[in-house]
Amino acid sequence: MSSEYLFAHKHILGLDHLSVPDIEHILNTAESFKEISGRSIKKVPVLRGKTVVTVFFEPSTRTRLSFDIAAKRMSADTFSISASTSSTTKGETLADTAKNIEAMKPDIIIMRHPSSGASNYLANRISTSVINAGDGTHEHPSQGLLDLMTVKEHKGKIKGLKVAIIGDISHSRVAHSDIIGFSKMGANVFVSGPATLIPKKIAHLGATVCRTIEEAVKNADVIVPLRIQKERQNDPLIPSFREYASFFGINRQILQIAKPDAIVMHPGPINRGVELEPDVADSFQSVILGQVTNGVAIRMALMYLVIGGA
Amino acid sequence: MTRLQAILLENGRIIDPVNRVDKKASLLVEKGKIKAIFTRRQKTPPLPKNLLSIDLQGKWIVPGLIDMHVHLREPGEEHKETIETGTRAAAAGGFTAVACMPNTNPVNDCQSVTRLILEKAEKASARVYPVGAISKGLQGESLAEFGEMKKAGAVAVTDDGKPVADSQLMRRALEYSSNHNIMVISHSEDFSLSRNGAMNEGVVSTRMGLRGIPNLAEEVMVYRDLALAEFTDCPIHLAHISTQESIRLIRFAKQKGSPVTAETAPHYFSLTEEAVKDYDTNAKMNPPLRTQKDLEAVIKAISDGTIDVIATDHAPHSVLEKDIEFDQAANGIIGLETSVPLTLALFRKGYIDEARLVELLSANPAKILGVKGGSLSIGSDADIAVIDPEYRFVLHEKDIISKSKNSPFIGAQLQGRALLTICAGRITHNALSA
């Protein structure tokens, strides 16, 4: 990396805003932090005296825990607010909630919110660093980055790989961040799934749309099945989970047309037997738990970088 | 009431397509009426005492503008706008009349609400023409009392804000409207295709993770409405047209001789979906801002006559409805104070001439609604707008007169404005000294 490079982002709102050098720098930083989680005393003083607040307006287990662990391993003080305990149930606006948290002088706010653009909204109104932990169907940048990190770790590179993302592309913020991130880093991204779940203009984000999943998975290096929901907001999307599993589920058979050393990732939580057969989820080709481990390192790197770490 | 002052508008350019007038002349307003129009070479008529003379060299004198699609929010949502503030904003924009949509609370679906609006409008800064509901309570189930509302002063009916989803109800509305000679205005939207949508469905919505509203949500309903108008042979006016295909359908219907008229709003020929970037809720409205291709089709339809009217769909919302998450924010933007400069941009780019501009903003809405105005005929009520087509300004939030400030044009460099507005002989807006 050139010595001229400077990571200049105060907020992490999405991979759309990050350049290739930014992404490379985040991945390199995360790789160097990953070792900390393997120590017997898993703590470094990098964020000592810093305050990290996680605000989750949607339920989450792993992302929230991952950010929390990441912050604590960096010695930050962490606090969390969830929708059920937050003021929004009392009718407070997002802007007021944010300004009140800001008034307590935290250094980083990590937010998950059901509305697309909620993190942008926050970043435009407060001076604290904002890390988007998933906003509506927009982006989930830390997940996109940990996916990139995991692929790079297993394949030694990202450029030139074939990445197949299967399933609900329309409603998946992970898919959006993955498509943007992988195509930015030079991979060839193919998407497939029920046509009801593929946005008509998804090609503009850098993905090639395949009518069958065979086309997408054939010779793929990386396969990412997405979590599926039967319907959303009165919108009929698929007839049944059973039919989905038989036409779009990732099983042993379909895996055979991918590269022999293809890896399978999943953003979790998995609907076993729907988008992913259990024997694939638990096979040697599955790197799903590796993703979770890398998630902590990515989130450590993001927190470190947004508050001015080099 | 004070006695109406006589006003002499001197040496302006009088543009009145209804009377085929476009000439440099002076116009005398006396006792609330247009008394005389005369050039320098013509004999000056006897001028009354206490005459207010205004030199309008280089300015346009046009019939008072008429906005046939405005939400005044009263009764029920007075924190957004009132009849008083909304008509002041109208006057500031050169409008002498506005037609107000019935989606108030209570809904204007009966003569008592129509009367209430008209009573409140007695002291307003512009004429207010209430538009009644097509269906009771805007519920889309049964017909509202068109006859009584018309008798009370309503000029049209619509369920605007919502489509009339039931095609049989729309058929009956069109048929029944003929008994009362009242215009049916359609908000053409197939709600099952647009439900929960936050912006135009396309590249930008995909990138921003926002649920899209496809063009065809408008187009399939435009087709239905055109088919119903042709079938019943009853006039229909299509509100806020925004897509290329809708325009093709309307053009075709007009060629066949269907009794159809259509309007668009300035934002549909001034902005595209790109304006939504960074989740600006002031660029959120329904129908949503579309693509460049649609914008160009709208402009072409304005110049070739497929679109009859430019109406603002002035939709005030306070920060309570707008300064929130994008998908939760209300649809709509204010438009009364920016319609003149945005429409003048079409004139400056050569898409329309001065006469067409006056038709779009005054003559045609008057004709479609069957109301006064739209011309500068001698003896008619003095509803006049004076436009300075050269005036350049940046729109600042603090200068907005409407009670709500939800405009995507705040900060924009604009050219042209209403300098003076006269409604029934009374000056309702005066920016001459400013």
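Reader: Which residue is the bridge partner of Ala164(A) in β6(A)?

Author: That's Phe190(A). By the way, this is a predicted model, where local features need pLDDT of at least 70, side-chain atom pairs count only at pLDDT 80 or more, and totals for chains, interfaces and linings use all residues. Residues are numbered from 1 along each chain as its sequence is written, while chains are lettered from A and ligands numbered from 1 in the order in which they are written.

Reader: What makes β5 and β6 of chain A a pair?

Author: Strands here are DSSP runs of E, at least two residues long, and two of them pair if DSSP finds at least two bridges between them. Five bridges join β5 (residues 162-166) to β6 (residues 188-192) in chain A, so they pair by that rule.

Reader: Why are β7 and β11 of chain A called edge strands?

Author: The open sheet of chain A runs β7-β6-β5-β8-β11, with parallel pairing. Its edge strands, β7 (207-209) and β11 (263-264), each pair on one side only.

Reader: Which residues does Val386(B) contact, leaving aside its neighbours within four places in sequence?

Author: Contact needs C-beta atoms, placed from the backbone, within 7 Å. Among those that pass for Val386(B) are Leu9(B), Trp60(B) and Leu419(B).

Reader: How do you know where chains A and B touch?

Author: The contact takes 22 residues from chain A and 16 residues from chain B. On chain A's side, the elements giving two or more residues are α3 (94-103), α4 (118-123) and α6 (173-184); α4(A) gives the most, with three residues.

How values were computed
Contact = placed C-beta atoms within 7 Å. Helix = DSSP H or I, 4+ residues; strand = E, 2+ residues; numbered from the N terminus.
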